Amino acid sequence: MIDLGRNYMCGITGYTGINQAGPILLEGLRRLEYRGYDSAGIAIQSESKKDEAGENGGDNTSCTLKMLKATGKVSHLADKFEAEPDFKGVCGIGHTRWATHGVPSDTNAHPHLSADGKFAVVHNGIIENFADIRAELQKYGIEFKSETDTEVIVQLLAYNYKGNFKKALMKTIARLTGSYAIGVISDEHPGTIFAAKQASPLIIGIGIGENYFASDITALVSNTKNVIDLDDGEVAEITPDEVKVFDHTGKEIDKEIRHINWDIASAEKSGYEHFMMKEIMEQPHALKATIEPRVKDETIVFDEIKGLDMKKFNRVHITACGSAYHAGCVGRAIIESLCKIQVEAEVASELRYRDPVMDEKTLVIVISQSGETADTIAAMKECKYKGATVLAIVNVVGSSIAKLADYCIYTWAGPEIAVATTKGYTTQVALLAMFAVWAAGELKTISHGAYTSMVIDIMHLPERAQRALDLNTKVKKMADKYYDNQSLFFIGRNMDYAVALEGSLKLKEISYLHSEAYAAGELKHGTIALIEPGRLVVALCCYEKLFEKTVSNIQQVKARGAEVLAVAHEGNRSIFQEADDVLLVPQTDPLLVPVIEIIPLQLFAYYVAKKNGCDIDKPKNLAKSVTVE
Ligand code: G6P
């Protein structure tokens with residue numbers, strides 16, 4: 001499996017120099033806002049005081065660590081800062097938090113302080129073995145304040161500290177598994193920040209008489225354009241005049257200084273022109289973040305739904321809006337196929353007013369990226385009222401749907417900024433597939449061999465998504481060829497039809513072209529009348545059981561002059577005889593096809609919209625989170 005961290009959640013930054021750290025840290029956090037967050041905080045070393053005993057690792061002064069935190073916007077934090085004239089110091093760390101472990105709150109916001117008040121940490125990533133470390137430290141009487149995985153880092157650091165900051169940190173990170181980019185300060189080492197990185201991003205900014213660190217260039221670019229990229233396993237000691245980098249054994253190493261010439265706008269998007277493209281490209285990372293923590297020894301483990309008894313239900317009802325509904329259509333097919341239970345999928349705006357037949361034997365799955373969609377909330381309330389158990393699949397931690405549901409599984413896709421969802425959708429589908437396999441295991445409707453084979457295929461999804469991205473560098477050419485079609489069709493059967501729904505929506509929402517998704521076999525019952533010479537039909541051909549049937553439909557539209565752009569698996573030679581153009585994706589289990597097959601269609605929609613000069617990240621008339629009916 002490729003090594004990708006859950007690296008897009010949260011932002012960290014740090015400063016040490018001669019100027020007041022507070023305003024610099026707040027400015028850095030403002031620059032990191034685009035990453036998405038729900039709380040923020042800063043810690044500084046306040047005024048130094050003389051350390052008479054001179055015991056502190058060579059330093060002869062010490063200071064007090066002070067913290068400020070706020071739930072919500074960085075501007076709230078800035079207001080708190082303005083109200084604290086004594087919050088002064090020239091070295092500090094800052095954080096924007098996007099909740100994963102524990103709801104957004106002042107207590108869970110970073111920085112976190114060790115129980116003895118000696119160390120403060122900011123962290124981006126997930127410490128997978130945090131529960132073990134916490135239990136161990138609690139045995140020694142150390143009290144934890146927050147629900148976060150991060151707090152174990154700072155408590156363990158304080159526990160390991162015997163006067164040498166670097167040694168204690170190296171010993172601490174050697175115990176951590178998972179991903180982290182961390183910045184740490186201590187009350188005994190004024191002016192010094194230690195930073196460490198494993199599978200989460202961290203760069204160091206080099207100034208004159210002042211140095212910085214941050215999750216990405218955005219937070220630094222207005223102060224310096226000279227950076228050092230910290231690599232996995234490395235630790236940096238940052239002081240105003242010097243940056244020393246050590247390898248995992250503690251040996252000092254030489255690092256190159258890189259000069260960057262990005263402006264702030266391109267830095268926010270990691271160099272991509274639009275958030276949508278950045279998020280399309282993030283899908284392998286996002287899928288890995290969704291999948292990997294929930295697979296242990298080829299078994300799917302959902303700690304979040306302990307107590308959910310699948311045997312209690314005689315049917316499943318899936319409800320959602322927009323792309324989340326399209327993910328639900330895929331989920332219906334996977335759950336039905338693996339769990340042998342009746343499943344329906346319905347848009348929430350219909351379900352809420354339909355007086356559906358359901359009771360305590362019904363499991364309702366609601367799907368929502370934002371967790372705030374008004375129709376979805378109303379539908380889930382209606383279902384709960386009727387006695388159903390509600391399981392939510394949500395991306396935004398602590399959102400209304402997450403709170404209202406009986407059970408909630410988070411997609412952990414990271415913040416999605418572009419209005420048109422991409423990684424939100426693919427992670428929803430991946431999670432639905434994982435749920436279906438888990439539920440089939442509970443219900444004993446799947447053989448051991450089939451279970452293991454599905455889990456292995458699910459584990460391969462991140463690298464297959466990467467392959468789908470790599471294979472589709474020519475999508476732009478296709479967009480250049482077809483961008484001025486004013487009306488087009490997406491056709492497919494079974495899983496391919498579910499993907500057609502999403503591919504068609506992607507195109508229309510960002511390029512404003514008229515597009516319709518049709519079950520390929522249904523086309524001949526009326527809609528084929530609209531096929532005329534030059535009309536583009538996008539034919540989805542990855543569901544191989546029905547490939548020959550879809551080929552017949554391709555021939556029917558071609559006979560009427562349509563041009564056909566097909567999406568098929570690598571290795572499918574015969575499609576080249578049928579279609580005018582072909583986009584290829586890697587093979588996967590038929591039930592997992594949508595996660596991979598949608599990728600070239602997202603790219604196609606993106607490039608068609610770009611060619612048509614549309615506002616890709618903020619399409620007209622649309623909102624990311626629709627909180628009205
Ligand atoms: C809006 C967005 C869509 C999204 C739908 C559901 O219409 O533009 O991209 O699929 O809402 O949003 P949710 O946050 O509930 O997934």
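Which strand holds the place of Glu 252? Glu 252 sits in strand S14, residues 252-253. This is a predicted model, in which local features need pLDDT of at least 70 and side-chain atom pairs count only at pLDDT 80 or more, while totals for chains, interfaces and linings use all residues. Residues are numbered from 1 along each chain as its sequence is written, and side-chain values use heavy atoms, with hydrogens and water left out. Helices (H or I, at least four residues) and strands (E, at least two) are DSSP runs, numbered from the N terminus.

**Surface charge**

- Asp 241, Glu 242, Glu 252 and Asp 254 form a patch of negative charge on the surface.
- A patch is made of residues with over 30% relative accessible area and no salt bridge; like charges are joined within 9 Å, and nonpolar side chains (Val, Leu, Ile, Met, Phe, Trp, Tyr) within 5 Å.
- Glu 252 has a relative accessible area of 47% and is partly exposed; buried means under 20%, exposed over 50%, and partly exposed in between (1.4 Å probe, protein chains only).

**Helix H13**

- Helix H13 covers residues 423-443, which is 21 residues.
- From its first C-alpha to its last, H13 reaches 30 Å, close to the 30 Å expected at 1.5 Å a residue; the expected span is 1.5 Å times one less than the number of residues.
- Of the 21 residues of H13, 18 are buried, so the helix is largely enclosed by the rest of the structure.
- Lys 444 follows H13 and has a positive phi, near 60 degrees.

**Backbone details in loops**

- His 110 and Pro 111 are joined by a cis peptide bond, with omega about -5 degrees.
- Pro 111 is in the loop between strand S4 (91-97) and strand S5 (112-113).
- Asp 297, a residue other than glycine, has a positive phi near 50 degrees.
- The loop that holds Asp 297 runs between strand S16 (295-296) and strand S17 (299-300), and Asp 297 is exposed, at 77% relative accessible area.
- Trp 412 also is a residue other than glycine with a positive phi, near 55 degrees.
- Trp 412 lies between strand S22 (407-410) and H13, in a loop, and counts as buried at 11% relative accessibility.

**Salt bridges**

- The whole structure contains 30 salt bridges; a salt bridge is a side-chain nitrogen of Lys or Arg within 4 Å of a carboxyl oxygen of Asp or Glu.
- Side chains of opposite charge can pair when their charged atoms come close.
- One of the bridges joins Glu 27 and Arg 30, at 3.3 Å from N to O.
- Both Glu 27 and Arg 30 belong to helix H1 (residues 21-31) and are three residues apart, about one turn of the helix.
- An α-helix has 3.6 residues a turn, so residues three or four places apart point the same way.
- Glu 27 is partly exposed at 28% relative accessibility, and Arg 30 is partly exposed at 37%.
- Another bridge links Lys 386 with Glu 382, where the closest N and O atoms are 4.0 Å apart.
- Lys 481 and Asp 581 meet in a salt bridge of 2.6 Å, N to O.
- This pair links distant parts of the chain, 100 residues apart: Lys 481 is in helix H16 (residues 475-482) and Asp 581 in strand S27 (residues 581-585).
- Lys 481 is partly exposed at 43% relative accessibility, whereas Asp 581 is buried at 13%.

Conventions:
Areas by Shrake-Rupley, 256 points an atom, 1.4 Å probe, with all protein chains shown as cover. Lys, Arg positive; Asp, Glu negative; His and termini not counted. Charge placed at Lys NZ, Arg CZ, Asp CG, Glu CD.
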